[in-house]
Amino acid sequence: MQNQLLAPPIQSKLDTRSAAFEENRNAMLEKLEEIENLLDEAEAGGGPASHERLAKRGKLPVRERIALALDPDSPFLEISSLAGYNSSYAVGGGAVLGIGVIAGIECVIFANDPTVLGGALTPYVGKKWMRALEIARDNGIPYVSFVESAGADLRRRGSSEKKDGNATAGAARIDHFAETGRFFYEMIELSKLEIPTVCVVFGSSTAGGAYQPGMSDYNIMIREQSKVFLAGPPLVKMATGEESDDETLGGAQMHSEISGLGEYFAEDERDALRLCREVVSHLNWRKAGPGPTAAAAPPLLDPEELLGIVSPDLKRPVDVRDVIGRIVDGSRFEEFKPRYGRTLICGWASIDGYPIGILGNNGVIYPESAEKAAHFVQLCNQIDVPLLFLQNLTGFIVGREFEHAGIIKKGSQMLNAVTNSTVPHITVIFGASYGAGTYAMSGRAFNNRFTFIWPTAKIAVMGGKQIAGVMSLVRRGQAARKGEPFDEEADAMIRAAVEAAQEKGSVALEASGAISDDGIIDPRDTRTVLGICLSVVRNKPIEGTDGYGVFRL
Amino acid sequence: MSFNTLLIANRGEIARRVIRTAHEMGIRCVAVYTDADVDAGFVADADESVRLSTSYLDGKAILKAARLTGAQAIHPGYGFLAENAAFATDVEAAGLTWVGPTPETIAKMGDKLEAKALAEAAGVPVLPGSIDTQHADKIGYPLLVKAAAGGGGKGMRVVASAAELDDAIAAAKREAAHGFGDDRVFLERYVARARHIEIQILGDAHGGLVHLGERECSIQRRHQKIVEESPSPRVDATLREAMGQAATRLAGALAYRSAGTVEFLLDDETGEFYFLEVNTRLQVEHPVTEAVTGIDLVREQLRIAAGEKLGYGQDAIQFHGAAIEVRLYAEDPANQFLPAIGTLIAFEPATSPLARWDSGVEAGTTVTTDFDPMLAKVIVHAETRHEAAGRLALVLESSHIGGVVTNRDFLAAVLRTPEFLAGDTTTDFIERVAPPRTLALSAEELEQLARVAALFLQGANRANAPVWGSAPSGWRNGRMPLQSSVFVWHEEKITVAYRTLRDGSFRFADASQARVHLWKPDSIDVEITGRRFRSRISRLGDSLIVHGPRGDVTLRIQPRFELPGEEEVSGGLVAPMPGKVIELRVSIGDRVRAGDTLILLEAMKMEHPMNATEDGVVTEVLVSQGEQVENGALLLVVEPEDGGDS
């Protein structure tokens, strides 16, 4: 292998026998257990009764369908497995999304879970679906969908509201039909971009849903099971008075023999999955990016220890090198400008033999940290190396000294570089992710390819204490201006309440539940997840940019 | 030595065996081969080889090959032309040296009736018998019908009562005519508890004559030997002396030259022995005699053929230890020992403990119905018979063999029976002792081997993964079904479901765990619930041959997906073995009754009736008379009758 990094392994100063380590580890394990339980919930989908109904009809649960489509013993990277957490919808959100290997080819798989509201298109299903299409488009990998959907969720609208009735459902309330249907546009675009779309129709795919097969390059339909029509018999009866039945209106046989909407006719679900694998195998798929260019040596430092690095109290400092050393090949890391802008660690490493440039926070971003980061991002674009952002920051530094030093200018330089960077970005939020720093560190809104979050991480505009404190200061100022006495007791109560609410809203599970990231990962899986992502991004060429906006220098 | 180039008019293990000794003696070897053997080991072993466009029975072509290559002598091995007096005559007439007895001796001993008369004349006890099939009652039942020109059990029938006699004679005649071109048969008394004991003789052209003691070959299936040993546990020094003398008396009367074998039937109860026949060739089982006497019989044959004197007398013959040979056959003990065909996916004799393997096959060899389905002879020589039996069983169990059904497990089972170890071996051993015909695996052992296989496949899947090869096997960050493999073993489905744990170990559905210590493309070293398996594994297509502690288990990998429309035809008559349709007794539309013979299939020169399993009407005939069919081939279809009309 060429391009073997010559840098030495990171020497970790982490004391794994300390009380703090043990405490951190226990807190992390506790959180992981909670997540494990939620994953069980996600698997249960619509519950045992609906699973039984499915089994009675000889149908496979959605996860079994996916497993059968995948190459045996190959991994499956599930995306947003806890979508819908703390909402009135089932955890998982009624669809399974992930990246898997079919016939040796990395594919996005988006599959309706028929046990959840009959696979209806809920807001969560919609958001997951959009994410699926985005992953296919950004990374240039085939899009495989397993469709079985009752169609639009007619019973509920705008209902991503929380179970506890918190009024955070504003976004859903302004979601109008007029704006919907972008999925179909995206699907057509994929085909245009030479990204094949393969659709297996496992059940109903009606009305708007009918365009899923309609917009796919390949459709596989199942005997006496697939039903694809613009309107089902009841609606047809309502509209035209015509009497019809499912099979003649839109059954697999009809579409395979008469309408021509179905390319492949499957005898049953297993047969459909066989055909799906066959179709993918003929795609003549060639990854654009180079394969691994270095040897994939496991880290010298034990990834198990990742459990004890981060404290649940995110104010406790963490040396991001302790994280890097436990996820990169051979723990080797070549640090860039180690003596400059020390709160933002930059440097080169590789994962599974894929070279990466890493930006990792060691706390708040200072002007020189931002400047260093901007420089580093440009270097990686110059040499076509993907970027890994390891987020743990409370934001950009504030205060007179730093405003004078041009923290806004320097921060903007960093944002400019990150925004215009065209090498793939992958972001892992392992600690705090607050404020504009979230964006600068290639957060979700900054077109990164993937965002994953550790269980104890938090993401918000700022920390709960800070928000509560700021609001208290504002109230105190108002009282002073009005000359009113300040009720310290009431203020303390309000502060505590605001802080608690803010903290609750910022936890990883909330973000993940809202599909604001690609999912919570076990810290020990970080290397595996990144290795998979670095392979996936290589389906498209890795090409850095040479053009940026105006750098405020 | 009067010759320096030897042509071996044979194939397989015996050709290799002869070449080995000839080479040791500095003699060049010429092999002849037919198209079926173009890649065979013996062809590679020879210094030169000549293709036969016909068969190993084509004497003219063989003589031509000898002329072409300058061979001055011909060793016929066993079978084929080994006991063909006409060919031996032609060889000598061509001025070449025939490694074997004189053509006259071959001719005399080839005729079983004449041989019997000669033996009787030489004072060797013979069994009551008659060429006149009317004398059956005088001989008494049960009796044997044997082909006059026969050997190797072909054309032989045991008849229990007068009612069966006519059919048995007819069948024997047919087989004899087919097999030897001579349909004469004779009757002979059948000894119920008999042992097959034979005396190895060596005679030179100068009157030198010795016997090398006995071999016992009582354990037979379908009248063919599968376990042979020397000495016999039933033969003591006195009996050995008596039998040896009888054999040398007959050999002396014949002025016997070269190696030969005088076969006797020993009545286990009385200890009386009766002459059966003389085999005027090197026997398959000669290695056990070589082991206990230290005499290389091929070397002696070549020396004698070259005109040398034996150079030693009977007193010089010493016996040491015990030797046992088993014949490893491509056959299915569970299915009446019928021949099996296919490709040997695995053929790796155990390297330890020590054994002599005389074999003509290797991994990749295709076993067909063209030739005798013997794959190898395995011979162990030890201080005691008990040790030899144990070691030989262990050698068999430790070898990695599969792809074709063999009798390996059965042979190991025979060697481990208390009856065998006690020396209680009679010709009815297999029926009487009934050792397990196949590897007796407990459900638990089978499960464990299936787990070994599943983890092996898992390793292969990961090693061959085009992407994500560094990621842990079956890694998931959400809930997904377990990883799994499904195998089929003798129509039994075994599902192995497992999950990879974070530490790289595996957990099965029942929560037991395994750890793979080393995976290689051809083996796995794995610990399953504390039990370590270092398994050699071979794979061809969907067949996986997994070597376990007591032998190999062949698991068929159940494909994850079945192609639609693959259904079995019901009411079909399927060939139980590869063979040739020698008689097609029905045609489409014929009404048949359960038990009716519809087709006569011939395999390995034996006839096998294919009978209707139920009443019905023949709706399809997929073969024609004379057609060669594969094992499992659908022959014809009988639509069952709904009853009612007759």
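In the predicted model, strand 7 of chain B is covered on both faces. B:Leu143, B:Val145 and B:Ala147 lie buried on one side, and B:Leu144 and B:Lys146 lie buried on the other. In a regular strand, side chains alternate between the two faces of the sheet. The strand spans residues 143-147 of chain B, and five of its five residues are buried, so that it counts as mostly covered.

Strand 7 of chain B has antiparallel neighbours. Three bridges pair strand 7 with strand 8 (residues 157-159) of chain B in the antiparallel sense, and five bridges join strand 7 to strand 9 (residues 185-189) of chain B, also antiparallel. B:Val145 takes part in both pairings: its bridge partner in strand 8 of chain B is B:Arg157, and its partner in strand 9 of chain B is B:Leu187.

Further along chain B, strands 24-25-26-27-28-29-30-31 form a closed barrel of eight strands with antiparallel pairing. From one strand to the next, the twist averages 35°. Helix 16 of chain B (residues 443-463) packs on this sheet and touches strand 24 (483-489), strand 25 (492-500), strand 26 (506-508), strand 27 (513-520), strand 28, strand 29, strand 30 (543-548) and strand 31 (551-557) of chain B. The direction of helix 16 makes about 125° with that of strand 28 of chain B.

Definitions and conventions:
Residues are numbered from 1 along each chain as its sequence is written. Chains are lettered from A and ligands numbered from 1 in the order in which they are written. This is a predicted model: local features need pLDDT of at least 70, side-chain atom pairs count only at pLDDT 80 or more; totals for chains, interfaces and linings use all residues. Two strands pair if DSSP finds at least two bridges between them. Helices (H or I, at least four residues) and strands (E, at least two) are DSSP runs, numbered from the N terminus. Axes are lines fitted to C-alpha atoms, for helices over the stretch in contact, and angles run from 0 to 180 degrees between N-to-C directions. Two residues are in contact if their C-beta atoms, placed from the backbone, lie within 7 Å. A residue is buried if 20 or more other C-beta atoms lie within 10 Å of its own, exposed if 12 or fewer, and partly exposed in between; C-beta atoms are placed from the backbone.
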